[in-house]
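I opened the notebook to go through one chain, topic by topic. The sequence and the model come first.

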Amino acid sequence: MEKLMKPAEYAKELGISRQAVYAKIKRGILTARNVDGKLYIVVDKEAVPPKVSSSEDLKKPVPAKSAAPDTENLQDYKSLLEAKDETIAVLKDTVKDLKESNKQISTTLRGEVDLLKEAFHEMRTLYMHQLEHIEKDDAIDIGTEHEESVTEEAWISLKKFFKQLNITKKKQQEKMMKVLKKAYKKGDSRLVKEEGKIKLNPSADYRDLLK
């Protein structure tokens with residue numbers, strides 16, 4: 001008579017793992033049936049290993065067994081040994097897969113570390129180039145400011161201009177101021193206006209304005 005058993009129950013009855021039971025199903029050693037979306041193993045009710053007897057049953061006298069070899073028990077032992085071998089084979093495959101996975105993970109991590117090192121080196125190189133460029137720009141700016149300050153100091157005031165030409169009389173100074181202001185309005189490059197005051201280039205020639 002057939003009986004349906006869950007894989008876990010069947011494994012417990014034989015003392016093997018569920019992986020070994022599934023391996024037997026895959027190899028066709030065990031017959032399985034799907035009932036309402038659940039997997040059951042079809043076994044012969046008579047072939048199921050007997051359960052441990054109760055204490056009362058143990059007190060009953062046991063009939064003497066014949067000396068003839070028990071073929072059925074031997075078959076059960078063979079099945080049990082085969083199931084154990086299959087469990088060991090499954091565990092070996094699992095360990096092998098885990099080793100391969102760990103190897104792949106280690107290789108991937110080493111590759112990621114190498115990529116990070118290369119990226120850091122490139123960023124450091126770029127940073128050093130930018131730093132050198134900034135230092136050069138700062139040096140150029142300092143030089144430019146120095147030149148501008150020299151240029152600004154080169155322009156002289158009207159007072160200093162009159163002193164250099166020895167123009168001391170007030171009327172002469174006023175007349176000259178009018179001439180210079182007129183020249184500035186015309187766009188004379190020898191003259192500039194800073195803070196509302198006209199300044200002159202001391203290296204320029206003003207003889208045309210002094211006539």
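Is D188 buried or exposed? I looked it up: D188 is buried, at a relative accessible area of 17%. My cut-offs are under 20% relative accessible area for buried and over 50% for exposed, with partly exposed in between (1.4 Å probe, protein chains only).

**Ground rules.** I am working on a predicted model, where local features need pLDDT of at least 70, side-chain atom pairs count only at pLDDT 80 or more, and totals for chains, interfaces and linings use all residues. Residues are numbered from 1 along each chain as its sequence is written, and side-chain values use heavy atoms, with hydrogens and water left out.

**Layout.** I listed the elements next. The chain has 6 helices and 6 strands. Helices (H or I, at least four residues) and strands (E, at least two) are DSSP runs, numbered from the N terminus. Read from the N terminus, the order is β-α-α-β-β-α-α-β-α-α-β-β.

**Salt bridges.** I went back to D188 and looked for its partner. The side chain of D188 meets that of R190 in a salt bridge, 2.7 Å from N to O. The criterion is a side-chain nitrogen of Lys or Arg within 4 Å of a carboxyl oxygen of Asp or Glu. Side chains of opposite charge can pair when their charged atoms come close. R190 has a relative accessibility of 16%, so R190 counts as buried. D208 joins in: D188, R190 and D208 are linked in a network of salt bridges.

How many salt bridges does the structure hold? I found 5. One of them pairs E2 with R33, the closest N and O atoms being 3.6 Å apart. This pair links distant parts of the chain, with E2 in strand β1 (residues 2–5) and R33 in strand β2 (residues 31–35), 31 residues apart. E2 is exposed at 57% relative accessibility. R33 is partly exposed at 39%.

R207 counts as exposed because its relative accessibility is 62%. D205 is partly exposed, with a relative accessible area of 40%.

**Positive phi.** I then checked backbone angles. N166 has a phi near 60°, a positive value in a residue other than glycine. The loop between α5 (158–165) and α6 (170–185) holds N166. N166 is exposed at 59% relative accessible area. E195 is not a glycine either, yet its phi is positive at about 55°. Where does E195 lie? I placed E195 in the loop between β5 (191–194) and β6 (197–200). E195 is exposed, with a relative accessible area of 83%.

**Pocket.** Which residues line the second largest pocket? I wrote down I167, Q172, K175, M176, V179, L209, L210 and K211. The search ran on a 1 Å grid over the protein atoms alone; a pocket is an open set of points where a 1.4 Å probe fits, with protein on both sides within 12 Å along at least five of seven lines, and lining residues have an atom within 4 Å of a point. The volume of this second largest pocket is about 200 Å³. Its lining divides into 5 nonpolar, 1 polar and 2 charged residues.

**Surface patch.** Y127, M128 and L131 make a nonpolar surface patch of about 280 Å². Patch residues have over 30% relative accessible area and no salt bridge, and nonpolar side chains (Val, Leu, Ile, Met, Phe, Trp, Tyr) are joined within 5 Å. I located L131 in helix α4 (residues 71–154). At 33% relative accessibility, L131 is partly exposed.

**C-alpha distances.** Y22 and T87 are 65 residues apart along the chain, and their C-alpha atoms are separated by 10.0 Å. Y22 sits in helix α2 (residues 18–27) and is partly exposed at 41%. K199 and Y184 are 15 residues apart in sequence and 9.8 Å apart in space, C-alpha to C-alpha. K199 belongs to strand β6. K199 is partly exposed, with a relative accessible area of 24%.

Technical notes
Patches are made of residues with over 30% relative accessible area and no salt bridge: like charges are joined within 9 Å, nonpolar side chains (Val, Leu, Ile, Met, Phe, Trp, Tyr) within 5 Å. Accessible areas come from the Shrake-Rupley method with a 1.4 Å probe; for residues, only the protein chains shown count as cover. Grid points are joined across faces, edges and corners, and a volume is the space filled by probe spheres set on the points. Ala, Val, Leu, Ile, Met, Phe, Trp, Tyr, Cys and Pro count as nonpolar, Asp, Glu, Lys and Arg as charged, and the others, Gly among them, as polar.
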